[in-house]
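Please look over the sequence and the structure shown here before reading on. The report that follows takes up a few places in turn and then turns to the chain as a whole.

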Amino acid sequence: MTSTLPTGTEAGPAGASAPAPMPAFPAPALPAPALPAPAQPTTAPSGAREQLAARYAAQHRRRTWAADTLQVLAWMVVVLPIGLWLHDGGWSALTASAAGLMRGVGILTGLVATSAMVLMLWLAARVPFIDRTLGHDRALALHKALGQWTFGGLVLHGVYLVTGYAMADQLSWSAEFATLWGVGDFVLAVVATGLLAVVAVTSVAAARRRLGHEVWQGIHLVTYAAILLALPHQFSMGGLFAEGPALWFWLALWGATFFVLLTHRVLVPLFASAEHRLRVSAVTWETPDTVAIEMTGRRIAQLGIRPGHFAHFRFLQGGLWWHQHPFSLSAAPHKDTIRITVRMLGEGTRRLASTLRPGTPVLIEGPYGVFTDAARTAPDVVLVGFGIGVAPIRALLEGTDVVPGHATVIVRASSEVEVAHRAELEAWCRARGVRLHVLTGHRGVLADGSTSWLPASHLHWRLTDLTGPLDEADVYVCGPAGATELVAAEALAAGLPPERLHREEFAW
């Protein structure tokens, strides 16, 4: 472990060359662990910290207002169809009879489930306003939660409706189901529900781990087929959307949903790739299992990509083109060059690191996420990176404003040789007055049997021993889910306000 506050000038990026096998690096001797001295402010312009505090507080208020606006719009998507149904005689149908009550509940669950489906699709569409307000991770978490509500609601929708019709016709449930089989687009609705069941099962974490990422993504595309199959029965079997204002509202809602999906998931990435013409300009080994990939294009600033952002990259080289990778920037964009850093964690990244050649064209989709300066709320900042999670931390260190003595970078790795971009981290921290802690060693086990995020030799440390008080700081942490959760829990327990915690995890 080392703990330094370096002084000097910035280190530039490594040179360009095709990747070659790296020799094993011997681990340097480590000094005995010692508690770091508290961070001390260095020279800074008078009032700089107060100016940063005011600027980031105003930025946070704007994001809060945007989030409130999205929440109001989301509730309108849910409430308006219910209001239209009640205005169309839905309340009287609910109170007419037991069969009417069952049918009414079935219609309500269907309306809520379908509204949740619309919201789920908007969250997956990667609309810039939504992504920059909620953050990509939070949007996907909400998407997943709404997917569960959608599937459960649609199943209840079918069960309640068939039960209500069976009660009214004085038939058994199975007999009523058989009768409905030949009515309108009922068959399409049943098939759609079955397809959604397949997606729901494969979305369970255990199932996703067994499937390859590309296989799971292919299965997930079945969602769109299921939605298209389910739509016709909403118009043919339900009187609410058959005519009048409700019909036009429903058509407009679904039309806008498919438009944003087509625009932001297909057209914008294609146009961006054609416009910016990214090509690999250098592939450089950083550690024995990590490479830095530089890409050069034209008018990169127009992409809107910032330090801390990630994007999806597809490298158009034989054996690589079919695999799309999400990678974070590992440096701020410079002129028309961007850089990512890739660690060989699986077969796809291993093939990419070992075979990618300069000159390869690149398709880009993004940028995404709010693991950037745009999420800042406070004048102080703490940046924590685990393993290859150091990539966005390195970029943020360059791209966010700091007051000397009021910023800390913590890098965690299993060994010294696994620390990517160490020279650059030291140079940037030296130049900007940022305290740097490089903590190496496997995670230790505490007395109660739980795992710490700290190395085994430093279990007596706490996060605030490294950072100082967190009451006026933003904490950014990037790495595997388990490690980031431990740091997050410790930061919150130390008094960090939840809105000042920013996490990016390696998970899908």
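## Val487 and its surroundings

In this predicted model, Val487 touches Phe386, Trp453, Leu463 and Val477, when residues up to four places away in sequence are left out of the count. Val487 is found in helix H15, which covers residues 481-493, and its relative accessibility is 1%. Because residues under 20% relative accessible area are classed as buried, Val487 counts as buried.

A further relation along the chain can be given for this residue: Val487 and Ser452 are 35 residues apart along the chain, and their C-alpha atoms are separated by 8.9 Å.

## The packing of H9 and H10

Helix H9 (residues 222-236) packs with helix H10 (residues 244-276) at an angle of about 165°, and the axes of the two helices are 12 Å apart. Since angles over 145 degrees count as roughly antiparallel, H9 and H10 are therefore roughly antiparallel to each other. The crossing in which H9 passes H10 is left-handed.

On the H9 side, the residues that take part in the contact are Tyr224, Ile227, Leu228, Leu231, Gln234 and Phe235, and on the H10 side they meet Leu247, Trp250, Leu251, Trp254, Phe258, Leu261 and Arg265. Sorted by type, the residues of this contact between H9 and H10 comprise eleven nonpolar, one polar and one charged.

## His276 in H10

Helix H10 also holds His276, which has 5% relative accessibility and so counts as buried. Leaving aside residues up to four places away in sequence, His276 touches Gly297, Arg298, Arg299, Ile300, Gln302 and Leu303.

## Cysteines

When pairs of cysteine sulfur atoms within 2.5 Å are taken as disulfides, the count for the model comes to zero.

## The chain as a whole

The secondary structure of the protein chain comes to 15 helices and 14 strands, and H9, H10 and H15, described above, are numbered among these helices. Of the 508 residues in the protein chain, 46% are buried.

Technical notes
Residues numbered from 1 in each chain as written. Predicted model: local features only at pLDDT ≥ 70, side-chain atom pairs only at ≥ 80, totals over all residues. Heavy atoms only, no water. Axes fitted to C-alpha atoms, helices over the stretch in contact; angles between N-to-C directions. Helix = DSSP H or I, 4+ residues; strand = E, 2+ residues; numbered from the N terminus. Parallel < 35°, antiparallel > 145°, perpendicular 65-115°, else oblique. Left-handed = near helix turned anticlockwise from the far one by under 90°. Contact = heavy atoms within 4.5 Å. Nonpolar A, V, L, I, M, F, W, Y, C, P; charged D, E, K, R; others polar. Buried < 20%, exposed > 50% of the residue type's maximum accessible area, 1.4 Å probe, protein only.
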